[in-house]
Amino acid sequence: MSLFWIVIRHLAEFEAMATSKKVITREEWEKKLNDVKIRKSDMNKLVMNFLVTEGYVDAAEKFRIESGTEPDIDLATITDRMAVKKAVQSGNVEDAIEKVNDLNPEILDTNPQLFFHLQQQRLIELIRNGKVEEALEFAQEELAPRGEENSFLEELERTVALLAFEDVTNCPVGELLDISQRLKTASEVNAAILSSQSHEKDPKLPSLLKMLMWAQNQLDEKAAYPRINNISTAILEDPSV
């Protein structure tokens, strides 16, 4: 991320400048970019970190072979983690819980909030499938005791409220039935598994890109320079004077 460090450097240089903006030409900017040396191995590690964290096991394996960059976890565990994530995203929560326990029983034993959210998702799926009596029984026997014990009663009440509406899509808590709720729970499980494997739960690359955009916004007040406005293309655009 040489561009990020260029922006940071200019921020420091322009702190003492007057309110008038300095104009940095493309030629000057690109020269400064070329002066910053970033090791290819470090860039490869960033890419591998993203592939491993996001679960792209096939891409990670190919990248390992082509770049010689070794992942910091066993790639076989990615397949297991993605199977858990896929199960939650598909609404097969019981299967997901079994797979998590097969991976590491301590994950759910030491994380009551995660276990409650998985059980909450099970309740949501019962309601989604119209199994009202089974949902009420499950809420009373499985979720209520955990809710009282760990202060999750408010979340439980919101979920049970789905049963009070014939048209759940238009009820105040209808968003619980959105696919986004499954994705939220799946993401929480994914993060917990990564943490249990002593791996970061979020990839580093998106964080660096956010830092880059923040640094550019700060520098905008000090200078006009070739700016990246579209992260997906990373094209430097000439400064507007």
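Visitor: How many aromatic pairs does the structure hold?
Guide: Three aromatic pairs. Keep in mind that this is a predicted model.

Visitor: Take Trp29 and Tyr225. How far apart are the ring centres, and at what angle are the planes?
Guide: The centres of the Trp29 and Tyr225 rings are 5.1 Å apart. Their planes stand at 35°, so this pair is classed as tilted.

Visitor: Where do Trp29 and Tyr225 lie?
Guide: Trp29 is in helix α2, residues 26-35. Tyr225 is in the loop between β2 (223-224) and β3 (227-228). The two parts are 196 residues apart in sequence, so the pair ties them together.

Visitor: Is Trp29 buried or exposed? And Tyr225, buried or exposed?
Guide: Trp29 is buried, at 0% relative accessibility. Tyr225 is buried too, at 4%.

Visitor: Changing topic to charges. How many salt bridges does a search of the whole structure find?
Guide: It finds 13 salt bridges. In general, side chains of opposite charge can pair when their charged atoms come close.

Visitor: Which residue forms a salt bridge with Glu61?
Guide: Arg64 does, with the closest N and O atoms 2.7 Å apart. Both residues are in helix α4, residues 57-67. They are three residues apart there, so about one helical turn separates them.

Visitor: What is the relative accessibility of Glu61, and of Arg64?
Guide: Glu61 has 29% and counts as partly exposed. Arg64 has 25% and is also partly exposed.

Visitor: What about Asp95 and Lys99, what do their side chains meet in?
Guide: A salt bridge, at 3.8 Å from N to O. The cut-off for a salt bridge is 4 Å, so 3.8 Å counts. Asp95 and Lys99 are four residues apart in helix α6 (residues 93-103), so they too are separated by about one helical turn. Asp95 is partly exposed with a relative accessible area of 31%, and Lys99 is partly exposed at 30%.

Visitor: Which residue forms a salt bridge with Arg158?
Guide: Glu175, with the closest N and O atoms 2.5 Å apart. This pair links distant parts of the chain, 17 residues apart. Arg158 sits in helix α10 (residues 153-160), and Glu175 in the loop between α10 and α11 (179-196). Arg158 is partly exposed at 31% relative accessible area, and Glu175 is partly exposed at 33%.

Visitor: Which residues do salt bridges that share partners join into one network?
Guide: Arg26, Glu30 and Asp238.

Visitor: And the negative surface patch, which residues form that?
Guide: Glu133, Glu134, Glu137, Glu141 and Glu142.

Visitor: Where is Glu141? Where is Glu134?
Guide: Glu141 is in helix α9, which covers residues 132-150. Glu134 is found in helix α9 as well. Glu141 is exposed, with 52% relative accessible area, while Glu134 is partly exposed at 43%.

Visitor: How far is the C-alpha atom of Glu134 from that of Leu123?
Guide: They are separated by 8.9 Å, and the two residues are 11 apart along the chain.

Visitor: On to the backbone. What is phi of Ser198?
Guide: Near 60°, a positive value in a residue other than glycine. Most residues other than glycine have a negative phi. Ser198 is found in the loop between α11 and α12 (204-220), and is exposed at 72% relative accessibility.

Visitor: What about phi of Ala234?
Guide: Phi of Ala234 is about 55°, again positive although the residue is not a glycine. Ala234 is in the loop between β3 and β4 (236-237). With a relative accessible area of 44%, Ala234 is partly exposed.

Terms used
Residues numbered from 1 in each chain as written. Predicted model: local features only at pLDDT ≥ 70, side-chain atom pairs only at ≥ 80, totals over all residues. Heavy atoms only, no water. Patch = residues over 30% accessible without salt bridge, like charges linked within 9 Å, V, L, I, M, F, W, Y side chains within 5 Å. Areas by Shrake-Rupley, 256 points an atom, 1.4 Å probe, with all protein chains shown as cover. Lys, Arg positive; Asp, Glu negative; His and termini not counted. Charge placed at Lys NZ, Arg CZ, Asp CG, Glu CD. Buried < 20%, exposed > 50% of the residue type's maximum accessible area, 1.4 Å probe, protein only. Phe/Tyr/Trp six-rings, centres within 6.5 Å; stacked < 30°, edge-to-face > 60°.
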